[in-house]
Amino acid sequence: MQTEHRVIAQLAGRPLATVRTEGTSQCLSEVLDRAAHGTTTVGTIDSDGTQREETWRAFRDRVRLIAGDARRGGLDHGSIVVVAATEPSEILALFWSSVVAGAEPLLVPAELLDDRAGGEWLAALAEHAPVRALVHARAARFRVVSEASEWGIDPISLDLDNPGGPDGADPAAADGPLSLVHFMTSGSTGAPKVVPQRHRGIIDMALGAVAVNGLDSTTVGFNWMPLSHVGGMLMAHVRDAVIAARHLSVATERILTDPGEWFRLVTEHRVSAVWSPNFAYRMLANEAENIPPYGPVDLASIRFCLNGGEAVSAKDCARFEESLGRLGLPKGTIAPAWGMAETCSGVLYAPHYDPLADSSPTVSVGFPLPGVEVRIVATDAAEDGLGVGHLEVRGSPVLERYLVGGDLAMGADGWFRTGDIARIDDSGVHFVGRDGTRIVANGVTWNSADLEGEVERVKGVVPGTCAITSFRAPKLDRDQIAVFCTVDEDVSAVRGEVRRCVETIIGGPVAHVIDIPAGAIERTSIGKVRKGRLVRRFINPDPPRLWELEWVARPSPAEGTPAKAQGQVRKPVVLRGCGLVHSAVAGCAPGQLHEALEHWRQAAEPDRLRGQDVVILVEAREGDARRLPRSHPVAAYLRAVAHGAGARSVRTVWMHPLAHEQVLDDILAQEQSSEVGARPAVADLFVGPRGDLWRRVLAPVDIGSDAPPATHAVLLGGTGRLGEALGAELSARGLRVTLVGHRARSGSAPAGGVDRVFTDIASTTAVGDLLEKIRCAPAEQALVVHLAGEPRPAPQDALARLLGPKTDGVRTAVELAHALDAPLAVVSSVNAHVAGTGVETYSAACAAAEVIAEQATRIPVTVVAVTSVREARQTDEANVAVAQALGLDEISVMDVAACVLARPSRSVLLGVREDVAFLPQREGGAQPSPDADPPGAGTTDEAGWSPTVSALALGLRPLVGAEPVRPHANWFDMGLTSVDLPNLARALAGRTDRKIGVLELMRFPSLAALAEHIDDSGKRNAG
């Protein structure tokens, strides 16, 4: 429950009884049945121009048949079903058939169905929500359809044009007032959430909207926003169904690519109700100014223009009204509005808005619908004095809970905190701002949409490309203002004029004016600019932390080890022999490496490594530790094997052939004896030819670089997931991008500014072939990037798909960089250094790639070993959570792009925290105390344990062996490894009769924490 604060102002709509009567539909299937009693139509125009129009009755009857097919295909009553569709005709048919079948449709943004997005969101959804089905049109070819079954979700293919079977509207399976519709937000301000809304709340919203705005069955509604969005589906389409009005939905991209189609459709269909976010008002005004008056375009039929979905600009509204007024648009039709997925879309409206008469610095979005209340609450005295505070809302359309994600800031009395800052006056609710929609300068708040409109009037700024936002760098105590825009004239002069324009208006400094490619402006499904991504991409105020592995000299050990210590030493398991040799001319030939790995596949004997300290001994024919590579391919393989087997610790020791074996024995004995009862040492060691000792530690690296900017990036191995994601990111930053791969990835599609070339990069003819196909222009500054490939090919493909591309393929990258006089960046994986269970050969291949790259000394070389990249992730959230617990953070492709473009001239680790479990902390950093466990961590007296802790301990004991069970100790401090967590989850679930997942083990990382969570959950369920 949230803390109560002082209420500054409050508004309430008319009683809900004024619009809801005894004959009002109670659920959406009744809405569809009532619409079918009339004669009006529902129509769609898909992205390819395919049109469909049918009466509401014909549509209802077709939907019933589809619903019957869905039920026979396995769609259960009351189940949550993902609607996998992007075309308006498909979304409407699948949405309504799911409703009629008694299921709960879940609409997802189109960008999540893009093949480049991957299916990770679906995996996360399946893990956190009871989603068991996915419906799609028979002709649809989304990647998530083929991946759904991997996550326990059944794909159901439906023929939407010619459905068969009996009527599917079984009364026993019908929906009801409490049935739900789910919306997955795409997140312009944060992580996606799944928002469930009840049918009754949706209908109440629609009834209130039509009453407040004077709409009725004679209305002709036109929607061109995505139907997967709450605005397109509920605020436009369902609203028109509730009043049985004629409705037309058009694919968004048709209007964005040709705004003139909006004018043609309004004229042709005599549209009376339209809506769009504020950015489209500018776009349509620009288009209208190019259309001659008294021509074929006639907008006189429009009666209602809803402006919602983002901050409303009075200047944009005025220009819209003036420009479209030349073509017949009546005055007084604009209606600013506000709503969100959590409120079933619009619940505040200001109909008949006059932008020319508005002198307020912010536009009023009016008053609440019937049955809705809003209030402003202050959290401190400063807000109280200004009349500004947090907007809260309650009423029938307000959600009760999130299905996935979200922090439900709602009190027991039903008030939902929206996250918006607002005030109330006689004209209604005014928004001060939310997440980038406001700019504060010298104590004055400015609407960013108004400032953006002024910037786009500057000569040389491309219309529709300006975004203004504020951000705060980590080390600063105040916000900075940044202006992003696309410039088509002299960049320096236009940027200067833009800066003067904004600074004159706001009376304060502008920190950044940045010319960006138009394609870099990312929007949500309804057009909100993702301003945070622009800041991160082009300014990067909080760059990712980079580390390098640095050799530090250490005193040689004293001869011999005290007798007392010798008796306490745990003798390590030493792996040495086949392939564990390094020299300055080591070739890492794929065939030889494959033979060595096959030898160790048989000889490693994982069973003898479990619970042991493992030392991998490499014969290092190198006299100076600083010339050693960061990793060794066979050692990396064995590190992964040892971690997967549950070794207590794993380290690599590099030893010169002239060093005496006794020196190594003394070193290991001395380190082991000094660490009895503490965490074991994991730092790599080098024993030199004179008995000198070196230790490898983490050291921070500055990402900054004075390297000339690249203009053309050539990505070898670029047609996989990481290549597609990194290529799109580099293209968004204005680079020409060429993706080089052996073959196209299934489902991949060309993107703007990205070329694809196919060749075998491990062949001897690859460089000549690439030089002919790439054709770099003389003025281009090329950057060659070699990428970490797919980590888990079939075992028989290990040589061809892992070792070859990582050895001969890197040699090709080196040769190509020489031929293009270009720097080289090798994107490797931290598996080469920290190992990874299940990807032993991949670890070896990445280590081999790094060795070869580091041997190329005549060109600038950067080697970046990365953790999991979010946009190209091939593992589930549980594995990501395990990695995070071990000190390996998931990173963004933006981080990778920033690093390869900055080109630090060294080998670095990206995504690794200072406290990573597998690597030593940097020199001088805070070392973990052997006694750093929380209070009570060492308590083994079972007398004080709760019944739940005792039950869980029974499941834990077989996995920790001889280690004592301590309720407050972390799983890893009791000797478990990441590979043990799934087994632990199953063992504990068997002791508690409830499902326990790996993510729960990471959130509650000890017996005591997990037991408390289980007990609290039981109390809540009982209550």
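Tutor: R270 lies in the loop that joins α10 (260-269) to β12 (273-276); helices here are DSSP runs of H or I with at least four residues, strands are runs of E with at least two, and both are numbered from the N terminus. The model is predicted, so local features need pLDDT of at least 70 and side-chain atom pairs count only at pLDDT 80 or more, while totals for chains, interfaces and linings use all residues. Residues are numbered from 1 along each chain as its sequence is written, and side-chain values use heavy atoms, leaving out hydrogens and water.

R270 is not a glycine, yet its phi is positive, at about 55 degrees. Its relative accessible area is 35%, so R270 is partly exposed (buried is under 20%, exposed over 50%, partly exposed in between, with a 1.4 Å probe and protein chains only).

A244, also not a glycine, has a positive phi near 55 degrees. A244 sits in the loop between α8 (230-242) and β11 (246-250), and it counts as buried because its relative accessibility is 18%.

W262 touches F222, W224, I255, V274, L284, L299, I302 and L324, leaving aside residues up to four places away in sequence; contact means heavy atoms within 4.5 Å. In the largest nonpolar core, of 121 residues, F222 and W262 touch the most other members. Such a core is a set of buried Ala, Val, Leu, Ile, Met, Phe, Trp, Tyr and Cys residues joined through side-chain atoms within 4.5 Å. A second, separate core has 68 residues, among them V650, F686, V757 and A856.
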